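Please read the numbered points alongside the sequence and the model.

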Amino acid sequence: MAKHHITATLNGEPVEFLCSTRQTLLDVLRDELNMTGSKEGCASGDCGACSVMVDDRLVCSCLVLGAECDNKKIESIEGMADGEKLHPLQTKFLEEAALQCGICTPGVLVAAKALLERNNNPTETEVRYWLAGNLCRCTGYDKIVRAVMNTAADMRENAK
Amino acid sequence: MARIILTDSLSKRFTGGDNDFEIVASSVRSLIRELDSLYPGLGAQVNDGTLSVAIDGDIYQDAFLEELNPDSEVAFLPKIGGG
Amino acid sequence: MSSERREYKWVGTRQIRPDGHDKVTGRAKFGSDFSLSGMIHGRVLRSPHAHALIKSIDTSKAEALPGVKAVITSKDFKDQPSELKPAGEGMVNYRDMTRNVMAREKVLYDGHAVAAVAATTVEIAESALKLIDVKYEVLPHVIDVDEAMKDGSPILDDKMIPIGYDTKNPTNIAKHVEFSLGDTDEGFAAADVVIERTYKTESVHQGYIEPHAVVASVSEDGQAQIWCCTQGQFMVRTFVGQLLGMPTSSIRVTPSEIGGGFGGKTVVYLEPLATLLSSKVGKPVKMIMTREEVFRASGPTSGGSMDFKIGATNEGKITAVTGTVRLLAGAFPGAPVAPACMCAVAPYDIPNVHIQGYDVLVNRPKVAAYRAPGAPISAFGAESIVDELAKELGMDPLKLRKLNAAKKGTKAAYGPTFRDIGYEETIDLAMDHDHYKAPLGPNQGRGVASGFWFNIGGESSATVNINEDGTAVVISGNPDIGGSRASLAMMAAEELGIEYSDVRPIIGDTAAIGYNFLTGGSRVTFATGLAVVEAAKDAVRQLCERAAKIWEVDADGVVWDDGHAKPASSNVGEFEPLSLAALAAQAAKTGGPICGHNAQNVQGAGPGFATHICDVEVDPETGNVSVLRYTAVQDVGRAIHPSYVEGQIQGGAVQGIGWALNEEYIYSSNGTLENTGFLDYRIPVASDMPMIEAVMVECPNDRHPYGVRGVGEVPLVPPLAAVANAVENATGVRMEALPISPPRLLAALDSSNIKQAAE
């Protein structure tokens, strides 16, 4: 079957790709566009390691078809830092050791950024429920939740 | 005299159940030789790589050349791995 | 070797990990992120049966499918002798290993590999799997450990000769081990209180988020390169070489970043298949497991059933313990039954102990290591019955533990006499902690439990190269699973007296550094760390020699202090100190490159102990257990990087909470695994958990220059019983089987209510 010709933006840059009907956005990112920052932990939307933003909506890219992304705005972990300047969440995760093996980290960061863009003062419970779709087996979540809340506090302070 | 401690599994197989006894040996190597002459097969068994040796409380994964003090405690135990 | 506390510049601080930026930006290359030009893709056909004879395999239709380049079955692997050899995580039997990576005469579990295909695309490879015709003769199967030990159970291997178990009949018991101390009959005779109980835990998966992945490329001259996510590149080299009959020098294994392992990546599954496929096709072959394959075919840890009996005086002195631990091994021998027996009551000074264990075959995937293998299972039984004893005696459970705590000079039931250990300190800190005194509300309960793990050293190699600009590269050989590169670089910076940011730690492939035992057993910061410290000292010795040459004095007249060579005394002469950078700049003129090296079999790992406190709230309507508060106190020796030590403790505790409350394998009546995804195999998610307070006790291990003990294993040992003890405290119902999932607890609460109503 003919492949779909998709035109989209990826991390602010125009991008074109061809994909088969069954290829997920995650497959496209990893296999067609060589953007391997989004990870496949389950391919069933359970682990969140492939989290990306599509038109400002947080999704598991393993549950979105590449063919659905025509004219969409896609944002992945590779676009989170502004050039050489890390996003405050990235910096805080490093400072507070909120990662161990690092496989869940791209998805957690993308999801946490989406949270802070909606809610700049989340409670611990709100952070925990927002990140409930991002599995981490190493950290026990403690340092992740703290890093997200501390980043939010810093960002509120800097916005004053 | 070094004090030798065996697991029950080893002592049942090689020493008739004696799992705590004394032997004169100056190193693990000489201890292995002594054990084998007293209890044929035991020396080879403890030297086949399946066991660790705890000398005075410190576990050695592949003991052979280690020296023993006259009052050392030498415990043979299954080799430890981990996750 | 002394570990006196001196002022450290780097050790004990919280530095940014050297691999951190790559991991927060998506740059880091994990197992499945690696690709080569011309690469093709491999997939595995897996058994749909729990137990069946393979009558025939016809691969001709699959081979004829356009795009298919090779199909392999067990016929492509030479058989291996049945003998135990020390390799990888302890002992391996290559006869079993070759059968586990590719079924031979029989399939022994749902998901057992039967054939593998390499094709130009993943889709074609998957289509080809459907064209392979396997004729099976289905056999009766057995899933439960106690069923497997009964007479008349289906037998997995009728040629197996059990170790330490006397039988003439075929059996699923692969091994029997026994440990004893004193005389338990006398011990029980001296007891005022005797309690006997049976406990059971389910098999659980390590649950790493990254599935197994490999790229293998074998060139025409037989040289193989393998890139994979593993806890030990040298282990992969050894196993692939043995299974495929290749010399070690022809295999080069490069470990990728690793997305979690916890013991589950101390073995091979895909690596020999991809290497064999690549050698047949002459192209690089990439293989990645799906999550379903990870659950069906990669190693969980054992489930087990166990009987414990404990006796104590009215004053609370434990006089005797007996235990029998039965662990399921999966399809091949190797349940962690010895460490389970050895760890069960290791925290206690008990004069009379007898513990025996059985390693039992069942039709499940072969178990792999999982943090402190075996210990969490037996500790669930032992720490539950200690809690029951405390209740029976009306004693505070921590006071009971303190009264019986192992300390320096205690002879452990598994053999040796403990040297300096910090178990009592963990109890003291737990008792004094706010958490232990905080009030509890209705339906809430508090539980405590302790745990022990040996920790290990092992063969380790490290190189410290001094760069021409005064920076340094540290090469070691252990995949960094949770921040070990940071700790190694910090120790090297401390020794060299340079900035932490001027030390670049890298992990060498198997051709770049000497042999290293795999990342496991909480050994890397301790053992490889020790090799790095010695390699840095070797570099410092060379730096001092260079300064001596420049000053035209004897080498022993030079000392190293704060990153500078200095005259040892005014007798040597008056010289301006020479910095590491100044010496590095002149290296070419004073003897050439400065490269420190160390390789040794590191011994003297310090045992680790922990005591955990858990508060839960039980919903009597649903049986749901919420963990409200959790505090984990652990003797860590000395924390090189406290944040990553806390992370080990927090992560281990949460894995244990998952084991206690939710995680289990669910098998159909046909013996097929029914919960093969994260939706149904429920590991803890962020909203399930409270913060986990990690309290570090530092009783330095004097066999390490900075006092390091391993820290990664112990945190998984206490939580199972801590949670169960908390549930009992909240409800009065003792859960003797895990997991304490809502339906199981609700049923137990209901039957307890019925019993109470009847009374």
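Leaving aside its neighbours within four places in sequence, with which residues is C:Ala413 in contact?

1. The model is predicted. In it, C:Ala413 is in contact with C:Phe179, C:Leu181, C:Val345, C:Ile350, C:Val353 and C:Ile355, once neighbours within four places in sequence are left aside.

2. C:Ala413 belongs to the loop between helix 12 (397-403) and helix 13 (423-432) of chain C. This residue counts as buried because it has 25 C-beta neighbours inside 10 Å, the cut-off being 20 or more. A separation of 7.9 Å is found between the C-alpha atoms of C:Ala413 and C:His354, which stand 59 residues apart along the chain.

3. Chains B and C touch through a contact that draws 40 residues from chain C and 22 residues from chain B. On the side of chain C that touches chain B, strand 4 (84-86), strand 9 (173-181) and helix 10 (337-343) of chain C each supply at least two residues. Strand 9 of chain C provides the largest share, 4 residues. By class, this side of chain C comprises 19 nonpolar, 14 polar and 7 charged residues.

4. Chain A is assigned domain 1 (4-79) and domain 2 (88-159), and the centres of these domains, taken over C-alpha atoms, are 22 Å apart. Their contact involves 13 residues from domain 1 and 11 residues from domain 2 of chain A.

5. On the side of domain 1 of chain A that touches domain 2, strand 3 (residues 51-54) gives the most, with 3 residues. That side divides into 7 nonpolar, 5 polar and 1 charged.

Technical notes:
Residues numbered from 1 in each chain as written. Chains lettered and ligands numbered in written order. Predicted model: local features only at pLDDT ≥ 70, side-chain atom pairs only at ≥ 80, totals over all residues. Contact = placed C-beta atoms within 7 Å. Nonpolar A, V, L, I, M, F, W, Y, C, P; charged D, E, K, R; others polar. Domains from an automatic or database assignment. Buried ≥ 20, exposed ≤ 12 C-beta atoms within 10 Å, placed from the backbone.
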